[in-house]
Amino acid sequence: MTKKVLVLGEVREGTLRNVSFEAIAAAKTIAGDGEVVGVLIGDAVEILSSELIQYGADRIVTVEHPHLKQYTSDGFSQAFKAVADAENPDAIVFGHTAMGKDLSPKIASKLQSGLISDVTAIEGEGDDALFIRPIYSGKAFEKVKVKEGIVFITIRPNNIAPLEKDESRSGEVSSQSVEITNLRTVIKEVVRKAAEGVDLSEAKVVVSGGRGVKSAEGFTPLQELANLLGGAVGASRGACDADYCDYSLQIGQTGKVVTPDLYIACGISGAIQHLAGMSNSKIIVAINKDPEANIFKVADYGIVGDLFEVVPMLIEEFKSVAVKS
Ligand code: FAD
């Protein structure tokens, strides 16, 4: 039977988030020879359809409504449920983002389906697809298969590679009209933290600081290193609790979960709660002056030394490489 997979295209400030392209790739694996349908929800989102198609969606359904200008779980769940009812999908893929985490259980309960959250890899394809997800704060992984009903997954950003963009692809775009009623919350204003540069949860390089950074000013060289590598700055809870940086940078069990290509931990001891947020990073470099620090147990490369000496050396080295190339 040909499968149909719906993918929520997540839009932030008028642009599609990378995780949406990764979700399309995941959906292709589930669909096999079937159809991947991108769903765009907002107040003026149709313009983004072609990009989602270029990344592999076969067709797009948009839901546009003034009440969908800002994300609310009430509004978006009504919109997505209407599309799901009309399309009758075999599978649904969302990003495991703040929006995806909020919306997916609500939709799953409305559709009476199960939900496999935080998928980091897919083995096999079509009906044989096995979904791999971390358990026990990332200390183990389980493989899950769906025996019946809708296959509904959320995928962790930065784990499933998007397909190559193909600008020659085209596909049908249709709109679904929906009555948005009973909104229990109305977003009056969004006040964003002044987050410069790359989004932490999607960054390919994360330079993180812990209590060893010792002050807010101590984060300046970390920011410089992150900028140089096109990455973002993160932090341990120790650093956030000490007021060296904002809690929006916290990585770990009670913070953000990141899986960059390169994670550089500076002055972080490696508490289990911190590891829960970063131990699946592809390459981990730890800088710590204590050779017994737990962070070295998960590090691919360990530098025993004072971060205030090592980080400036790294900055100089990366600058000279950049100049040579
Ligand atoms: P510390 O443990 O104090 O380590 C500082 C490190 O810096 C030390 O290893 C030291 O050797 C090194 N150092 C000092 N000076 C230098 C220097 N000049 N150069 C190089 N190295 C130096 N923590 C998180 O990070 N994220 C979470 O989400 C999180 N959630 C939690 C949830 C719960 C329920 C609980 C109980 C705790 C949680 N924690 C979390 C806290 C966690 O247990 C640790 O307390 C915290 O991660 C420690 O932060 P840290 O490594 O920066 O500080």
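A: A residue is called buried under 20% relative accessible area, exposed over 50%, and partly exposed in between (1.4 Å probe, protein chains only). This model is predicted, so local features need pLDDT of at least 70 and side-chain atom pairs count only at pLDDT 80 or more, while totals for chains, interfaces and linings use all residues. Residues are numbered from 1 along each chain as its sequence is written, and side-chain values use heavy atoms, with hydrogens and water left out.

Q: Is N88 buried or exposed?
A: N88 is exposed, because its relative accessible area is 63%. Look for N88 in the loop between α3 and β6 (91–95); helices (H or I, at least four residues) and strands (E, at least two) are DSSP runs, numbered from the N terminus. The phi of N88 is near 50 degrees, a positive value in a residue other than glycine.

Q: What is the phi of S137?
A: Although S137 is not a glycine, its phi is positive, at about 55 degrees. S137 lies in the loop between β9 (130–135) and β10 (140–144). With a relative accessible area of 35%, S137 is partly exposed.

Q: How far apart in space are D85 and L111?
A: From C-alpha to C-alpha, D85 and L111 are 8.6 Å apart, while 26 residues separate them in sequence. D85 belongs to helix α3 (residues 73–87). D85 is partly exposed, since its relative accessible area is 48%.

Q: Now a helix: which residues of α5 are buried?
A: The general idea comes from the helical repeat: an α-helix has 3.6 residues a turn, so residues three or four places apart point the same way. In α5, which spans residues 219–228, the buried residues are F219, L222, L225 and A226. They sit on the same side of α5 because they cover an arc of only 115 degrees around the axis (taken from the directions from the helix axis to the C-beta atoms).

Q: What does the face of α5 turned away from its buried side carry?
A: That face of α5 carries the exposed residues T220 and N227. Just after α5 comes G230, with a positive phi of about 65 degrees.

Q: How many residues surround the ligand?
A: The shell holds 26 residues, and the closest are R211, S236, T254, S269 and N288; a residue is near when one of its heavy atoms lies within 4 Å. At least two shell residues come from each of α6 (237–241), α7 (272–278) and α8 (307–324).

Q: Where does a nitrogen atom of the ligand come 2.9 Å from the protein?
A: That distance is to a polar backbone atom of L307. A ligand nitrogen is also 3.1 Å from a side-chain N or O atom of D306, and a ligand nitrogen lies 3.2 Å from a polar backbone atom of K289. Of the 990 Å² of accessible area that the ligand has on its own (Shrake-Rupley method, 1.4 Å probe), the protein covers 76%.

Methods:
Polar contact = N/O pair within 3.5 Å; in protein donor to acceptor, adjacent residues only side chain to side chain.
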